[in-house]
Amino acid sequence: MSDALTTKKRIWRTPWRAVSAMFILNGALFGIWASRIPAVATRHDLAPGQLGVLLLLMAAGAIVSFPLAGRAADRLGSAAITRHIALAYILSLIVIALMPNVWLLGVALFLFGMAHGAMDVAMNVWAAEVERKSGRPLMSSFHAMFSFGAGLGAASGYVAASANLSMQFHFILAAGLFGAVTFWFSSIGWISEKTDSIKASPVFSLPKGPLFFVGFIAFCASIGEGAMADWSAIFLVEVARANDANAALGYTLFSLAMVLTRLVGDRIIVALGPVSAARLAGLVAASGSALAVISAEYLPVLLGFALMGIGYAVVMPLAFSRAANDSRHGQGQAIASVATLGYGGMLLGPPLIGFAAEATSIRFAFLILCGLALAIVVLAKILDSSAAEA
């Protein structure tokens, strides 16, 4: 009987599913938070500028954690570090719901940002290991699982808001359930690569030369992802006059569009090539953000959000692939430097949108996303894999 159970575990707990489970958990915890931002803002009576400052603290926590998590993954193994950070991430989400005032909320969001950013780096290192050993492209599918998890987390916010569940109960229940399921899948005894070669490298590594533009492309896409996570619900409330429950569906639909596109992302890239795929992605994202800004009706705004999800879906995987093929730098250093700009955009974007909304309006702030999406179209040539060998 024990042999049969062991065989079943091996069938279900494959390396792809183990890493995918961590991507799902990372996205789910972020989606849970994003779906209840209007409730957090209402509870603490936050103006857009105040919320922007709090989101900036979250971004600062993540940026601080990027190089630290990368070094820990190299020295101790990405699989073990990913799971340990995931536990801290779960706890940090729950702490947010328990904070009684804005000052402690700021501390909690800083720690939440640290855990989110650290897990992002560690799980991507693990994903690169699995992709390399499999001998076939997998990165787009892993990022699809992040989007899938974010959608599930946002959907839990819709259910919780509709059922009038307290934020504390929602965060504890949802984080506990997601954690229990994903940790079971991730426990496969994976032996990660370890190295001490980064001792001489600087703590913070920003992309240089052509990789800077690769990182900027990732920044343009991720700033849109971050803005959608933290401001889509508020956009629907203020512009489309949606209630809290319906507003939570905005990020859910955005995430669903991303996951479906990322599931076929590798095929799209093979069919069109990286440059054409990036140009098409930028145009679709720009059209979606423009539709959301121009229209003040609930359904057209939702359609615009879906187009943004489709457009942003393949950009980050394209940037990571281009970085990994760059002949001027080691693979780890190149990916880490691009990730710093890419994930920095995801976390710095929300506070920037908040400041722009405070100074003008949230509709004008979302128009910035349209301009950044068009920048992807202009810079797409840098994603040509032959440029990495030039």
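Analyst: In this predicted model, Lys381 pairs with Asp384 in a salt bridge, and their closest N and O atoms are 3.7 Å apart. As a general point, side chains of opposite charge can pair when their charged atoms come close.

The count of salt bridges comes to 2. Besides the pair of Lys381 and Asp384, there is a salt bridge between the side chains of Arg262 and Glu225, with an N to O distance of 3.5 Å. Arg262 belongs to helix 10 (residues 244-263) and Glu225 to helix 9 (residues 210-238), so this pair ties together parts that are 37 residues apart in sequence. Both partners count as buried because buried means under 20% relative accessible area: the value for Arg262 is 2%, and that for Glu225 is 6%.

The cysteines may be considered next. The count of disulfides is 0. Cys220 is buried, with a relative accessible area of 1%, and Cys370 also counts as buried, at 14% relative accessibility.

The setting for these side chains is a chain with 16 helices and 0 strands. Of its 390 residues, 56% are buried. Among contacts in the chain with a separation of 6 or more, 86% are between residues 24 or more positions apart. The accessible surface of the chain amounts to about 15700 Å², and carbon and sulfur atoms account for 69% of that area.

Val53, Leu56, Leu57, Leu352 and Phe355 form a nonpolar patch, and together they have about 390 Å² of accessible area. Helix 4 (48-76) and helix 15 (331-359) each supply at least two of the patch residues. Helix 4 gives the most, with 3 residues. Phe355, a patch member, is found in helix 15. With a relative accessible area of 35%, Phe355 is partly exposed.

In brief, the pair of Arg262 and Glu225 links helix 10 with helix 9, while the other salt bridge joins Lys381 to Asp384.

Technical notes. Residues numbered from 1 in each chain as written. Predicted model: local features only at pLDDT ≥ 70, side-chain atom pairs only at ≥ 80, totals over all residues. Heavy atoms only, no water. Helix = DSSP H or I, 4+ residues; strand = E, 2+ residues; numbered from the N terminus. Buried < 20%, exposed > 50% of the residue type's maximum accessible area, 1.4 Å probe, protein only. Contact = heavy atoms within 4.5 Å. Areas by Shrake-Rupley, 256 points an atom, 1.4 Å probe, with all protein chains shown as cover. Patch = residues over 30% accessible without salt bridge, like charges linked within 9 Å, V, L, I, M, F, W, Y side chains within 5 Å. Salt bridge = Lys/Arg side-chain N within 4 Å of Asp/Glu carboxyl O. Disulfide = S-S within 2.5 Å.
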